Amino acid sequence: MVILQQTRVETVRPYFLRFVSEAPDAAALASLSDDRLSKLWEGLGYYSRARSLKAAAGQIVRRYGGEIPRSREELLSLPGVGPYTAGAIAAFAFGLPEPAVDGNVMRVVSRLVACDRNVPDPAYKRDVEAWLRGVIPPDDASAFGQGLIELGALVCLPSPDRPR
């Protein structure tokens, strides 16, 4: 998820494949030299994401024996992991009923419930997260979350007369 932040899937694919071939797990990523990490990330921009990812890998190795933590709270304690990434990892990797709320999801929910609140408002984002926790199917959280994200990215696009 971190490598996809602010970057399109088509752009990320070759970088991701190269990245995971060299750093297939948290221990390998944590042990990469900073120079090698920068070289693997070169061209993606937002280099702080790479540094945070390496720092998170180090914590995963030290605190969790190399296993990615499952709880939202533990995920949020990792460097570079905010509410969206924590929700996405919890739902997509572990099937937990946690929301992954980005601008796309907020736009879908706004239109679904006919809400005119300001989509970029942090308070509205918290409200959307709370609402989604009540409707995420516990037996298919991954497909539900991915479906919302895709719906917002491909179908429910921003309109010029509404807040993004």
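This report walks through an aromatic pair, a helix crossing, a glycine and some salt bridges in a predicted model.

## Ground rules

Because the model is predicted, local features need pLDDT of at least 70 and side-chain atom pairs count only at pLDDT 80 or more, while totals for chains, interfaces and linings use all residues. Residues are numbered from 1 along each chain as its sequence is written, and side-chain values use heavy atoms, leaving out hydrogens and water.

## The aromatic pair

Let's start with the rings. A pair of aromatic rings is described by the distance of the centres and the angle of the planes. Here, rings of Phe, Tyr and Trp (its six-membered ring) pair if their centres lie within 6.5 Å; planes under 30 degrees apart count as stacked, over 60 as edge-to-face and the rest as tilted. By this rule there is 1 aromatic pair. Phe-19 and Trp-41 have ring centres 5.7 Å apart and planes at 80°, so they pair edge-to-face.

Phe-19 sits in helix 1 (residues 9–22) and Trp-41 in helix 3 (residues 34–41), so the pair ties together parts that are 22 residues apart in sequence. Helices (H or I, at least four residues) are DSSP runs, numbered from the N terminus. Are these two residues buried or exposed? Phe-19 is buried, with a relative accessible area of 6%, and Trp-41 is buried at 0%. For these labels, buried means under 20% relative accessible area, exposed over 50%, and partly exposed in between (1.4 Å probe, protein chains only).

## Where helix 7 meets helix 9

The axes of helix 7 (residues 103–112) and helix 9 (residues 141–155) come within 8 Å and cross at roughly 85°. That makes helix 7 roughly perpendicular to helix 9; angles under 35 degrees count as roughly parallel, over 145 as roughly antiparallel, 65 to 115 as roughly perpendicular and the rest as oblique. Axes are lines fitted to C-alpha atoms, for helices over the stretch in contact, and angles run from 0 to 180 degrees between N-to-C directions.

On the helix 7 side, Asn-104, Val-105, Arg-107 and Val-108 meet Leu-148, Ile-149, Leu-151, Gly-152 and Ala-153 of helix 9 (contact means heavy atoms within 4.5 Å). Gly-152 is buried, with a relative accessible area of 0%. Not counting residues up to four places away in sequence, Gly-152 touches Asn-104, Arg-107, Val-108 and Leu-157. Gly-152 and Met-106 are 46 residues apart in sequence, yet 8.3 Å apart in space, C-alpha to C-alpha.

## Salt bridges

How many salt bridges does a search of the whole structure find? The search finds 6, where a salt bridge is a side-chain nitrogen of Lys or Arg within 4 Å of a carboxyl oxygen of Asp or Glu. One of them joins Glu-22 and Arg-36 (2.6 Å, N to O). Glu-22 lies in helix 1 and Arg-36 in helix 3, so this pair ties together parts that are 14 residues apart in sequence. Glu-22 is partly exposed at 32% relative accessibility, and Arg-36 is partly exposed at 32%.

Asp-34 and Lys-54 also form a salt bridge (2.8 Å, N to O). This pair links distant parts of the chain, with Asp-34 in helix 3 and Lys-54 in helix 4 (residues 47–64), 20 residues apart. Asp-34 is exposed at 51% relative accessible area, whereas Lys-54 counts as buried at 16%. Asp-127 meets Arg-117 in another salt bridge (2.5 Å, N to O).

Note on methods:
Helix = DSSP H or I, 4+ residues; strand = E, 2+ residues; numbered from the N terminus.
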